Amino acid sequence: MTWTQFVTVTLNGLTLAALYFLVAVGFTLIFGLMRVVNLAHGSLYLFGGYVGWTVADRTGSWVLGALAAAAVAAVAGLALQQALLRPIQGQDLREALVTIGVSIVAADLMLAQWGGFTYGFSPPAAISGGARLPVLGIGYPKYRLFILGFALVVGLALWLLLTRTRLGITIRAAIDDRDMVSVVGVNVQRLFALMFAFGAALAGLAGVVGGSALSIASGEDARYLLASLIVVIIGGMGSLAGTAVASLLVALVEQYSLALFPTYAAIVSFLLMVLVLALRPQGLFGRPA
Amino acid sequence: MSALISTRTALALLVLGLLATFPLWGSAYFVGRVFSPALFFGIAALSLVLLAGYGGMVSLAQMTIFGLAGYGYGVLTVTHGQPWWVGILGGLAAATLAAFLFGLVAVRTQGIYFLMITLALGMVVYALANQNRSVFGGHTGILGIRAPELGGHLLTERALFYEVCLAAALASYFGVRYLLRTPFGLALQAVRDNPRRLAALGYHVALHRLAAFTLAGFLAAVGGLLGVWYNGAISPTAIDVTRLINVLVIAVIGGLASVEGAFLGALAFILVTNFASSFTERFNTVIGLTFLAIVLFSPEGLSGLAARPVEVLRRWRGRRWRASDTLDVRQAVGRQDE
């Protein structure tokens with residue numbers, strides 16, 4: 001591998017990590033707060049992507065598409081939580097089964113609506129095209145650098161929210177001990193609804209952001225569900241830092257192994273997961289159950 | 001009571017007789033395209049029922065193991081030109097070994113984590129099969145897989161294949177029912193209900209889980225061999241996430257803790273996919289909604305629905321209703337591992 005290749009692969013890994021982080025962070029926060037494994041999370045990503053594409057196509061504005069994706073996914077997530085999950089709250093396995101059922105129906109209905117085509121986005125001119133990096137004079141798509149910056153901003157904002165605001169403190173307290181927080185007078189149900197809508201909105205937004213880097217097509221829901229699963233299994237459930245570190249680890253390992261030995265790349269992420277589970281079953285940043 | 005048992009036995013014999021002679025009087029379509037696949041998918045679902053209903057482990061990797069048996073058979077017989085019996089032994093061994101390895105990783109976790117890890121393992125194997133050309137044949141998979149020949153008859157001839165599937169299904173069915181009555185089976189159910197207490201009694205909980213997972217893997221592998229003979233080919237689509245979930249749908253439709261339910265669920269599933277597809281293209285939506293309705297409203301599945309009239313009848317006849325085999329699935333599915 002030459003230096004140029006190495007830098008390019010590393011950058012690919014970093015931007016993929018950014019994308020994984022955007023998708024998985026909602027998944028892990030929802031789990032951390034309410035112990036719901038939302039296996040329809042990938043469906044929300046795909047749904048956001050499709051809606052975003054449709055809106056962007058009609059209005060000609062990528063930004064409007066992204067906002068619409070976030071809004072529509074938030075509403076869908078909220079509806080899922082309020083209508084289907086709330087009645088069986090606390091039964092974690094049954095909740096997971098319900099989200100599986102939703103993902104089956106959602107995948108089929110989205111296939112009916114948008115067909116088996118591949119959709120590509122055209123991001124605004126300011127963030128499309130190529131940029132020449134100061135290092136080694138390597139050319140790299142501006143858009144991918146934008147994803148990297150965007151994920152950093154989202155991660156930083158979330159960190160500030162969770163550590164510096166009253167809402168964030170309440171959320172962290174609820175992750176640690178739901179019952180106690182509810183006893184001191186916090187409306188935990190409202191917190192749950194808010195978090196579910198927020199996590200879904202991030203997934204929907206990631207549908208447009210990620211779809212613009214790659215593309216949107218049926219089957220992407222499973223891909224991002226797998227990414228979210230591996231990231232949170234490795235990082236530890238409900239941990240922001242864990243999600244960030246695991247996204248980096250998984251994406252970099254995936255890209256390096258794809259460059260070095262393409263046919264066995266899947267095995268490497270498998271081994272990574274096995275290794276972490278063997279050493280720390282609760283994940284790198286997870287607390288013991 | 002003796003009258004009840006004899007009616008039961010008579011009923012069981014009648015059902016067995018009807019099933020065994022089905023190719024003689026049933027339509028070719030139902031024998032070949034509905035019942036045969038229902039039997040081998042039923043075996044795969046049974047492996048999940050054993051794990052989920054009786055071991056408290058909802059595994060989403062059962063179809064992966066099912067598919068790996070098919071890959072093993074295909075690789076040995078097609079790629080390496082080995083005879084069919086080597087393919088059978090190799091396929092079973094490879095899939096059971098894979099189940100053992102998955103088990104090593106997964107049994108350290110419980111409940112929802114177990115589900116996620118087995119799902120992730122299954123999806124990783126799918127990705128591997130899709131990318132790897134040298135062994136798995138990449139996206140195309142392995143084509144032209146021939147079933148074994150017995151005395152000049154290819155095993156996939158309609159009636160013969162049905163009987164083979166029926167024999168395998170019956171063996172699995174009675175095997176699992178027997179297993180659940182053995183000390184091992186009882187300990188497994190105790191592991192499901194209270195792992196901590198069982199550990200305190202001196203049982204090796206993880207080892208019990210691992211043994212159950214490996215055994216269920218063997219069952220799934222048996223189903224997988226029948227499946228690959230039926231299809232004559234195997235490709236990554238046979239182990240994609242939809243298939244992984246389908247077997248859970250089958251088990252839940254049948255009743256997650258019902259040994260009979262595995263086969264009933266498979267039959268219902270195949271009927272819905274075959275017939276719903278003739279009047280709507282959205283049969284996956286139909287399946288998904290059925291699944292949702294069952295998870296939300298009738299956790300015992302179809303066998304639970306079927307058990308209800310029986311229960312009412314027995315109460316009406318003044319007999320004490322035994323909870324017997326049908327344990328409270330509401331608990332099995334909804335339990336929280338705190």
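Predicted model: local features only at pLDDT ≥ 70, side-chain atom pairs only at ≥ 80, totals over all residues.

Trainee: How many helices and strands does chain A have?
Mentor: Chain A has 11 helices and two strands. From the N terminus the order is α-α-α-α-β-β-α-α-α-α-α-α-α.

Trainee: What is the radius of gyration of chain A?
Mentor: 19 Å. The globule rule also gives 19 Å for 289 residues, so chain A is as compact as a globular protein of that length. Its C-alpha trace spans about 60 × 50 × 35 Å along the principal axes.

Trainee: And how much of chain A is buried?
Mentor: 51% of its 289 residues. As for contacts in chain A with a separation of 6 or more, 74% join residues 24 or more positions apart.

Trainee: Which residues of α5(A) are buried?
Mentor: A:Tyr143, A:Arg144, A:Phe146, A:Ile147, A:Ala151 and A:Leu158. They pack against α1, β2 (139–141), α8 (188–213) and α10 (240–260) of chain A.

Trainee: Switching to the contact. How many residues come from each chain?
Mentor: Chain A puts in 33 and chain B 36. On the chain A side, α4 (92–114), α9 (220–235) and α11 (265–279) each supply at least two residues. α4(A) gives the most, with 13.

Trainee: What classes of residue are on that side of chain A?
Mentor: There are 25 nonpolar, five polar and three charged residues.

Trainee: What about the largest nonpolar core, how many residues?
Mentor: 205. Those with the most contacts inside it include A:Tyr20, A:Val23, B:Val49 and B:Ala120. Helix α1 of chain A (residues 3–34) brings the largest share, 16 residues.

Trainee: What does B:Ala120 contact?
Mentor: Beyond four places in sequence, A:Leu226, A:Leu229, A:Ile230, A:Ile233 and A:Met273.

Trainee: Last one. Where is B:Tyr203?
Mentor: In the loop between α9 (195–200) and α10 (205–231) of chain B.

Trainee: Why does B:Tyr203 count as partly exposed?
Mentor: Because B:Tyr203 has 16 C-beta neighbours inside 10 Å. Buried takes 20 or more, and exposed 12 or fewer.

Trainee: And what does B:Tyr203 touch?
Mentor: B:Ala187, B:Leu198 and B:His208, leaving out residues up to four places away. B:Ala187 is 16 residues away in sequence, with 8.3 Å between the C-alpha atoms.

Terms used: Residues numbered from 1 in each chain as written. Chains lettered and ligands numbered in written order. Contact = placed C-beta atoms within 7 Å. Helix = DSSP H or I, 4+ residues; strand = E, 2+ residues; numbered from the N terminus. Nonpolar A, V, L, I, M, F, W, Y, C, P; charged D, E, K, R; others polar. Core = buried A, V, L, I, M, F, W, Y, C linked by C-beta atoms within 7 Å. Rg over C-alpha atoms; globule rule 2.2 N^0.38 Å.
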